[in-house]
Structures are given as structure tokens and as C-alpha cells.
Amino acid sequence: MNALRSIVAMALLALAVPAFAQAPPAAAQPTPWAGLSAAQQQLLRPYANQWQGLTPERQAALARGSQRWLAMPSEQRDLARERFQQWRALPPQQRELMRERMQQFRSLSPEQQNMVRDNFHRFQQLPPEQRRNLRQRWQAATPAERQRMVARARAARAARRLPPPR
């Protein structure tokens, strides 16, 4: 159960990343170490000796990430640290599975991504016992049964969107 919560937490964190992400410059220019603020330099100190050897894209990503980190409220930083520790505690196979699922999610259209988010939020609103029962039913289902379950859910969703017959 804790592993599932960790996975869900990491998925939510990953979903939040695009909201904070900034488009990288078309052709990233090297970011000089001296061009970073004192707070950024302090935060990125582990990279100080190798900074010049990093690609401009990596330098830019680290600089952007440090800016975002420094702008976060302390509660949000604490939560991010906790989630990162949960991520690091996951077995490598589980982390790889999460990476693959995140890649699948990112390949969805914005409408499909919103549908996934809405479904997740509806699932989270269910009572714990109902969530547990749904999880058990899904895990016990064969691939064919899962396909039928998904088809029924899609049909029900489509029926809710259609205007009433005249």
C-alpha cells in the first residue's frame, strides 16, 4: 500500500512539473558559474568543480531548477524532499515502470491528460474501502476483462457527455 502511495505521489509530482517548466532556449548558451546568484551557487555547490564541463543544456536546466527550488515555500520543499526520498527508495524496476508510464502520459493529447487527471482525482475521492475493492478487482482481472472494464467505463463516460435524445 505504501509503495502504491509512493507511486501515486511521484506521478502527481511528475504531473506538476510541466506547470513549472519553462521552455528551454532554442540554442542553449553556456551559463557562467559567476552568472548564478549566491543562493543558486550554494544550492548547486556539488556541481561547482564540473560546471564548465556540463553541456549548456544541463547548465540551463540546473539553473532553472535551482530558481524554482529557491522560489518554493519551505513546506513545498519539504514535500519535494520527502517524495524524492520515496522515489530513491523504490526498486529500480518500479522506477523504470514509472518513467515509462510518465512517458506514455506525456504522449497523450492534452484532453486525454486531463481525463486521466480527472479520473485520478475522482478515484482519490472514493472511500478507502471502495478504492481497495476497485484495485483488487483490477489486479485480479485478466487482460481481456480489463479491456472490457475500460470499454464499459469509456461508454459510460461518453453517455454522460451526449445530450439527451429528443
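This note goes through the fold, the surface and the salt bridges of a predicted model.

1. Basis. Local features here need pLDDT of at least 70 and side-chain atom pairs pLDDT 80 or more, while totals for chains, interfaces and linings use all residues. Residues are numbered from 1 along each chain, and side-chain values use heavy atoms, without hydrogens and water.

2. Fold. The chain has 8 helices and 0 strands; helices are DSSP runs (H or I) of at least four residues and strands (E) of at least two, numbered from the N terminus. Of the contacts between residues at least 6 apart in sequence, 49% join residues at least 24 apart; a contact means heavy atoms within 4.5 Å.

3. Surface. Of the 166 residues, 19% are buried (buried is under 20% relative accessible area, exposed over 50%, partly exposed in between, with a 1.4 Å probe and protein chains only). The accessible surface is about 12,500 Å², and carbon and sulfur atoms hold 56% of that surface.

4. Salt bridges. The whole structure contains 3 salt bridges, each defined as a side-chain nitrogen of Lys or Arg within 4 Å of a carboxyl oxygen of Asp or Glu.

5. Helix H4. Aspartate 78 pairs with arginine 81 at 3.0 Å. They sit 3 residues apart in H4 (residues 74-89), about one helical turn. Aspartate 78 is partly exposed at 45%, and arginine 81 is partly exposed at 44%.

6. Helix H7. Glutamate 129 and arginine 132 form a salt bridge at 2.8 Å, N to O. Both belong to H7 (residues 128-140). Glutamate 129 is partly exposed at 44%, as is arginine 132 at 31%.

Definitions and conventions: Areas by Shrake-Rupley, 256 points an atom, 1.4 Å probe, with all protein chains shown as cover.
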